[in-house]
Amino acid sequence: MDEQSNASTLVPEKSAVERAIEFGVDVTLLIENLRYSPTERLRRGEKIMKSMVAFKREVDRVRKEQMSKK
Amino acid sequence: MNPTDVEAILIHLDSGQVEFVVIGGVAALAHGSARVTFDVDVCYRRTRENVDRLCKTLVPLKPNLRGAPEGLPFKFDANTVLNGLNFTLVTELGDLDLLGEVAGLGEYDAVENAAEVLPLYGRSMKVITIVGLLKAKRAANRRKDQEAIVELEALLEMQKKQK
């Protein structure tokens, strides 16, 4: 084993949570979600999805309104 | 675009005694993912009996091929399903993807083996495990799944620590 590979075995491997944080995943959202039951998680997700769709509709409506004024 | 009613679709399929496993984004959400999904993905058993139940259950929801040109004839019946495999549908309750097989896992039996029963909406439903989801996403090897894979690995680790 050369010096470099010997040194790499001494470095503790990063945990999956650490890797996720490095990747940019907001793990606080995961911690929060794990407090809920599977049904509650789906209902919360659905609520967010519905509000995103409503938001997009509103953006589209405003854009259309602005275009018609031009 | 109408938001998909995840709860109504899953209860509808379960009430119709369709054999299915919840996969994809909804399964990830049930396991604690923070990624929002806009459709329901399920893997269905491709026996004649189950496909008959699937069609009988879904026809009242007026399923049509998502993104298909208007007026394109599409009849959702057992022959259509058995002659095809995967269907991306739009229904009165929202978007529903039916998969006869899942990349990295295989057909229904393999997907069922990679599933667990979760209490959902006061019922017991089969949902693919995080390990199963990881297998499928790694096999699909899509760029858009990279973040989902990292998130699922973190969730798996967190759930193991919780137990």
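What follows is a working chat about chain B of a predicted model.

Biologist: How many helices and strands are there in chain B?
Modeller: Bearing in mind that the model is predicted, chain B contains seven helices and nine strands.

Biologist: And what does the C-alpha trace span along its principal axes?
Modeller: The C-alpha trace of chain B spans about 50 × 30 × 25 Å along those axes. The radius of gyration of chain B is 16 Å, which agrees with the value near 15 Å that a compact globule of 163 residues would have.

Biologist: What share of the residues is buried?
Modeller: Buried residues account for 39% of the 163 in chain B. As for contacts between residues at least 6 apart in sequence, 62% of them join residues at least 24 apart.

Biologist: Let's turn to helix 6 and helix 7 of chain B; at what angle do their axes cross?
Modeller: The axes of helix 6 (residues 130-140) and helix 7 (residues 146-162) of chain B cross at roughly 160° and come within 10 Å. Angles over 145 degrees count as roughly antiparallel, and the two helices of chain B are therefore roughly antiparallel to each other.

Biologist: Is that crossing left-handed or right-handed?
Modeller: The crossing of helix 6 and helix 7 of chain B is left-handed.

Biologist: Which residues make the contact?
Modeller: Helix 6 of chain B contributes I130(B), L133(B), L134(B), K137(B) and R138(B), while helix 7 of chain B contributes A148(B), I149(B), L152(B), E153(B), L155(B) and L156(B). Of the residues in this contact, eight are nonpolar, three are charged and none is polar.

Biologist: Which residues of helix 6 are buried, and what covers them?
Modeller: In helix 6 of chain B the buried residues are I130(B), G132(B), L133(B), L134(B), A136(B) and K137(B). Their cover includes helix 2 (24-30), strand 6 (101-102), strand 8 (115-120), strand 9 (123-128) and helix 7 of chain B.

Biologist: What follows helix 6?
Modeller: Helix 6 of chain B is followed by N141(B), which has a positive phi, near 50°.

Biologist: Back to L152(B): buried or exposed?
Modeller: L152(B), which lies in helix 7 of chain B, has 26 other C-beta atoms within 10 Å and is therefore buried, given that 20 or more is the cut-off.

Biologist: What does L152(B) touch?
Modeller: Leaving out residues up to four places away in sequence, L152(B) touches A28(B), I130(B), L133(B) and L134(B).

Biologist: And how many Å separate the C-alpha atoms of L152(B) and V18(B)?
Modeller: Those C-alpha atoms are separated by 28 Å, with L152(B) and V18(B) lying 134 residues apart along the chain.

Key: Residues are numbered from 1 along each chain as its sequence is written. Chains are lettered from A and ligands numbered from 1 in the order in which they are written. This is a predicted model: local features need pLDDT of at least 70, side-chain atom pairs count only at pLDDT 80 or more; totals for chains, interfaces and linings use all residues. Axes are lines fitted to C-alpha atoms, for helices over the stretch in contact, and angles run from 0 to 180 degrees between N-to-C directions. Helices (H or I, at least four residues) and strands (E, at least two) are DSSP runs, numbered from the N terminus. Angles under 35 degrees count as roughly parallel, over 145 as roughly antiparallel, 65 to 115 as roughly perpendicular and the rest as oblique. A crossing is left-handed if the near helix is turned anticlockwise from the far one by less than a right angle, and right-handed if clockwise. Two residues are in contact if their C-beta atoms, placed from the backbone, lie within 7 Å. Ala, Val, Leu, Ile, Met, Phe, Trp, Tyr, Cys and Pro count as nonpolar, Asp, Glu, Lys and Arg as charged, and the others, Gly among them, as polar. A residue is buried if 20 or more other C-beta atoms lie within 10 Å of its own, exposed if 12 or fewer, and partly exposed in between; C-beta atoms are placed from the backbone. The radius of gyration is taken over C-alpha atoms; the globule rule is 2.2 Å times the number of residues to the power 0.38.
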